[in-house]
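Please read it with the structure open.

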Amino acid sequence: MKETYLNRTVIVGFQSARPMKRIIQVEIGFFLLIIAVFFAWVSSVLSQDNSIDEEVESFQAFFLERFYSVSLEEFNQGPYSLPQSASKESTFHFLEQLPPYMHALFPARSDWNRNYNGITLKNCMSQHPPANRFPYVLDDQIISVENAILACLKLQGRSSVKVGSSLLSALVAVFREQSRGSPIQIDWVNEKLKYMYQEGYRIFWGRRGQYNYSCASCHVSNAGNTMGNEVISAALGHTSAFPVYSQARLFQTGNGWITLHEQYQRCFSRTGAVAPPFGDQRLLALEIYQTLNDLSIPLNAPQSRL
Ligand code: HEC
């Protein structure tokens, strides 16, 4: 750079009767070029950001128009948000008065304050933003609630607690319930998050599996329609309720919690495709895509599923 710049000044010096003035002109030109490149870069970054903003806005507008009696805030009750679930909605509200997940939540609440290795989860997790701001990026790493809690458990010397275990799901529920009612707010102007959003977008809208369905085939095109005896939920608000708790699931497996990633796995199987394993980046990408679509919806986790 410097050499080229120096060469230029030499040439300029030969050609001009007033070399100093030319040098200043070249410097000003170079300076203006840098400013122009800088502004072009800023505007390209901003325009990309706007495009995600616009996508989220039109995604939300689609559901608000289709289910016009449901406000944005009310999309946080999964399938029971929709008028088509009215018959189940009253049972759901009745259950939420004394939720069946309470017996699983109480021990996890005390665990939250218990000291292991001089560390409580309460203190360890207070280093992070509140649950309505997850996932977020720290030191170029995407941090999800599960990963943050797993890292704290490791510091406590409890690495044996695994993803998909009933204890970890209950601890996620304890953390997320502390932000119940707070609108989802993600600071997503970050290259990593934007990349994952695009990945999640691709997975959500892409058709796959034996039945050639995409997530959107059911949760956009057929939201509000029934499948078997279930009303298919709107994709809007999906992330706000998790983990959810199902008593039917408790009787089947002994663990009533269903995490968001597990739900994604179950729905992958509904398309006839092989579900990605726990820890797969595709599940995180879907979580990021869906969480961004849920911007401004108040958290409402955990919740029962009938
Ligand atoms: C063939 C239809 C179908 C496809 C395809 C499908 N789902 Fe589902 N999904 C359902 C049904 C039915 C349920 C249970 C009722 C409900 O909650 O919508 C469900 C439940 C869910 C829930 C839980 C909602 C709640 O609050 O309880 C989430 C989240 C979800 N699906 C996400 C996805 C994602 C992401 C994909 C793509 C990987 C997908 N689904 C593909 C039919 C489908």
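1. A helix axis here is a line fitted to C-alpha atoms over the stretch in contact, and angles run from 0 to 180 degrees between N-to-C directions. The model is predicted. With that convention, the axes of helix α8 (residues 191-205) and helix α12 (residues 281-293) cross at roughly 95 degrees and come within 7 Å. Angles of 65 to 115 degrees count as roughly perpendicular, so α8 is roughly perpendicular to α12.

2. Which residues make the contact of α8 with α12? From α8 they are L193, M196, Y197, E199, G200, Y201, I203 and F204. The α12 side supplies R282, L284, A285, L286, I288, Y289, Q290 and L292. By class, this contact of α8 with α12 has 12 nonpolar, two polar and two charged residues.

3. Helix α7 (residues 166-177) and helix α6 (residues 145-155) have axes that come within 10 Å and cross at roughly 110 degrees. That angle makes α6 roughly perpendicular to α7. The crossing of α6 past α7 is right-handed. On α6 the contact uses V145, E146 and I149, and on α7 it uses L168, L171, V172, F175 and R176. Six nonpolar and two charged residues make up the contact of α6 with α7, with no polar ones.

4. Helix α7 also packs against helix α4 (residues 102-113), at an angle of about 75 degrees and with the axes 9 Å apart. The two helices, α4 and α7, are therefore roughly perpendicular to each other. Here α4 contributes A104, L105, A108, R109, D111 and W112, while α7 contributes S166, L167, A170, L171, A173 and V174. The residues of this contact of α4 with α7 are nine nonpolar, one polar and two charged. L171 of α7 is listed in the contact with α6 and in the contact with α4.

5. An open sheet of three strands has the order β6-β5-β7, with mixed pairing. Its edge strands, β6 (257-258) and β7 (303-305), each pair on one side only. Strand β5 (residues 244-246) runs parallel to β7, and three bridges join the two. In this pairing S246 stands opposite R305 of β7.

6. What comes nearest to the ligand? Of the 22 residues around the ligand, the nearest are G78, C215, C218, S233 and C267. The largest share, five residues, comes from α11. By class, the shell holds 12 nonpolar, seven polar and three charged residues.

7. A cis peptide bond joins F134 and P135, with omega of about -10 degrees, and P135 is in the loop between α5 (121-125) and β1 (136-138). Another cis peptide bond joins F242 and P243, where omega is about 5 degrees. P243 is found in the loop between β4 (230-231) and β5.

8. D139 is not a glycine, yet its phi is positive, at about 50 degrees. This residue, D139, sits in the loop between β1 and β2 (141-143).

Definitions and conventions. Residues are numbered from 1 along each chain as its sequence is written. This is a predicted model: local features need pLDDT of at least 70, side-chain atom pairs count only at pLDDT 80 or more; totals for chains, interfaces and linings use all residues. Helices (H or I, at least four residues) and strands (E, at least two) are DSSP runs, numbered from the N terminus. Angles under 35 degrees count as roughly parallel, over 145 as roughly antiparallel, 65 to 115 as roughly perpendicular and the rest as oblique. A crossing is left-handed if the near helix is turned anticlockwise from the far one by less than a right angle, and right-handed if clockwise. Two residues are in contact if their C-beta atoms, placed from the backbone, lie within 7 Å. Ala, Val, Leu, Ile, Met, Phe, Trp, Tyr, Cys and Pro count as nonpolar, Asp, Glu, Lys and Arg as charged, and the others, Gly among them, as polar. Two strands pair if DSSP finds at least two bridges between them. A residue is near a molecule or strand if its C-beta atom, placed from the backbone, lies within 6 Å of it.
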